[in-house]
Amino acid sequence: MGEELLTINHLHTAFKRGTEYFDAVDDVSLKIHKDEILAIVGESGCGKTTLAKSIIGLHDLKRTKITGNIKFQDQELVGASPEKFDQLRGSDMGMIFQDPLAALNPLMRVEDQVREVLDYHTDYSATKKHKIVLKLLDQVGLENPERVARQFPHELSGGMRQRIIIAIAIACKPELIIADEPTTALDVTIQAQILDLLRSIQAQNHAGIILITHDLGVVADTADEVVVMYAGQVVERGTVFQIFNHPLHPYTRSLLKSIPQAEHEGDRLYAIEGAVPSLAKMPHDGCRFAPRIPWIPESAHEKTPTMHEPEEGHYVLCTCYQTFKFENGEAV
Amino acid sequence: MSLVEIKDLQVHYPIRSGFFNRIHDYVYAVDGVSFEIEPGQTYGLIGETGSGKTTIGRSIIGLEKITSGKILFDGHDVSTKKERKAIDYNRDVQMIFQDSLSSLNPKKRIYDIIAEPLRNFEKLSDTEEKHRVRELLDTVGLGEDDLFKYPFEFSGGQRQRIGVARAISTNPKLVIADEPVSALDLSVQAQVLNYMQEIQSQFNISYLFISHDLGVVRHMCDSMAIMHRGRFVELGTRDDIYNHPQHIYTKRLLAAIPDVNVDQRDAQRKHRKEVEKIFDTEQSRYYDKNGRVLPLQKVSETHSVALPEDQVKGE
């Protein structure tokens, strides 16, 4: 494992609704090292993207309150100035967005969009920048970089657009890449290629990658470490093997159980009852997953859930994992 | 007899350009596909973006003008509007859309949304209508107090269930589900799929299930077709497609699905790379000079594959 790259301690990100603040990210702590792919999984509304935006400083500070610590390369990011973030974004941190068409400027040629990052963060000559752009396009697996460089986003397919976004994100060889659902809008074969590309870039640049996704298949295929989020909290954290081979928290187990499995073709799928609570209705104390597993007695949960470490490096929130069984009596 | 029979369906879009805006070429969105849907069965259409799967669904329901071919419903030809009207086709065939928010009118209450098809096709009194809407909401697991809410007040999964309730309100024989769960989370996806299956066994509805998610199709469908570039590359039962794939494109698709089995991930990755390599080197044999998929060859009673003729062999 490489050296520590990013450390988050007790991070709270609260949004203002009316006069009150509501925690969308509630007491999250995690670490990411160099040469590591950390996956953040959870359903929509669990705070995955809010967490990523807090790291990269994209929240509107007039409406958001961020407390806690985010330490990146010995710098504190909570409360850092917008100028500081301008300097970091693009050079030390790269971001890959879900919808490549929305993230690209429709009126700019590909070359200009990729070069924009270099214009801002470096003082290379125009010819050198041109060379770097072509090299980047080649590196992300685009055939005929010269031609692609002159094209507009609408002339490219979804997979090619996502490759351009990745080229922009890695232009300055960032230490940390945040990929927010990078393959959700893509077909499976393209998804496989993009994930391979992310892995090869990581091997070349020794970057740390935060991969945000709700697709457990992608996580199992790509990640080294996994963080499972539910309702703004980290409910389970561990290596990819710990999470998939010995899932502990009821939420993780339920998610894994609801994947359509080859052996159970046509059977009823396992569905988690209810839905993720909305921000305003978020319970303040007790286990937040309890309402969705009502057959588990209240005594199994902790009043104020805390993190437990049943095996080394494997963390789980609340005590309900110890006695949890599905309604039909199965444990997994 | 099968409920729906599609015979050599073609949908071509003209490409116009030049001074007189003359047609100088066509996009072959659907280029000669044939298949049948049995009553009470779920038929899966799998394909990547742009393969033409949605166009087939839209042609069947009559939203797309077909270039040639035949669509037979219960033995009646339903290729034109007049023919569709004569047999109450629009009542018997309904659709569930991918994006639940944009397919529900934001200014209408749930009661009116679900009652709309009833008001179009069935002459019910006010009390009968109310009773029927309640019954429908109950089938998809929503309650009395949801009746007078607006679409934005629901979560994605609930909205998709409202879409299901609306689609089944006229007791259709066929429901076309175009990517019904692609926009949903895993646990919610399970809820919607379960309701769809329950409703199917309760009302004996046939589904045409259009999706790019091979895992979901495997779960839902008894027989299916894989599409590529407007044509079928492989057609067969679940067992044929998933356990005995023969076309290189099907193999490539199956290899690309990320598996949740972490212990096997390196092996899986290696397998995927190998298949990808074979696809690159051998794909010219599976497509003709113009990149068109070859004609389907029967390899067993249920299984047809677009193979070059010298490769056809029984299973």
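I started where α8(A) meets α10(B): A:Val188, A:Thr189, A:Gln191 and A:Ala192 face B:Arg252, B:Leu253 and B:Ala256. Contact here means C-beta atoms, placed from the backbone, within 7 Å. I sorted these residues into four nonpolar, two polar and one charged. For that sorting, Ala, Val, Leu, Ile, Met, Phe, Trp, Tyr, Cys and Pro are nonpolar, Asp, Glu, Lys and Arg are charged, and the others, Gly among them, are polar.

A note on the source: this is a predicted model, where local features need pLDDT of at least 70 and side-chain atom pairs count only at pLDDT 80 or more, while totals for chains, interfaces and linings use all residues. Residues are numbered from 1 along each chain as its sequence is written, and chains are lettered from A and ligands numbered from 1 in the order in which they are written.

Next I looked up the geometry: α8 (188-205) of chain A and α10 (248-256) of chain B pack at about 50°, axes 8 Å apart. Helices (H or I, at least four residues) and strands (E, at least two) are DSSP runs, numbered from the N terminus. Axes are lines fitted to C-alpha atoms, for helices over the stretch in contact, with angles from 0 to 180 degrees between N-to-C directions. The pair α8(A) and α10(B) is therefore oblique; under 35 degrees is roughly parallel, over 145 roughly antiparallel, 65 to 115 roughly perpendicular, and the rest oblique.

**Whole interface**

**Inside chain B**

I also checked α4 (110-121) against α6 (156-168) in chain B: about 30°, axes 7 Å apart. That makes α4(B) roughly parallel to α6(B). B:Ile110, B:Ile113, B:Ile114 and B:Pro117 meet B:Ile162, B:Ala165 and B:Arg166. The tally is six nonpolar, no polar and one charged.

**Annotations**

I got 40% helix and 28% strand for the chain A span, end C-alpha atoms 28 Å apart. The chain B span came out at 38% helix and 29% strand, its end C-alpha atoms 28 Å apart.

How values were computed:
Two residues are in contact if their C-beta atoms, placed from the backbone, lie within 7 Å.
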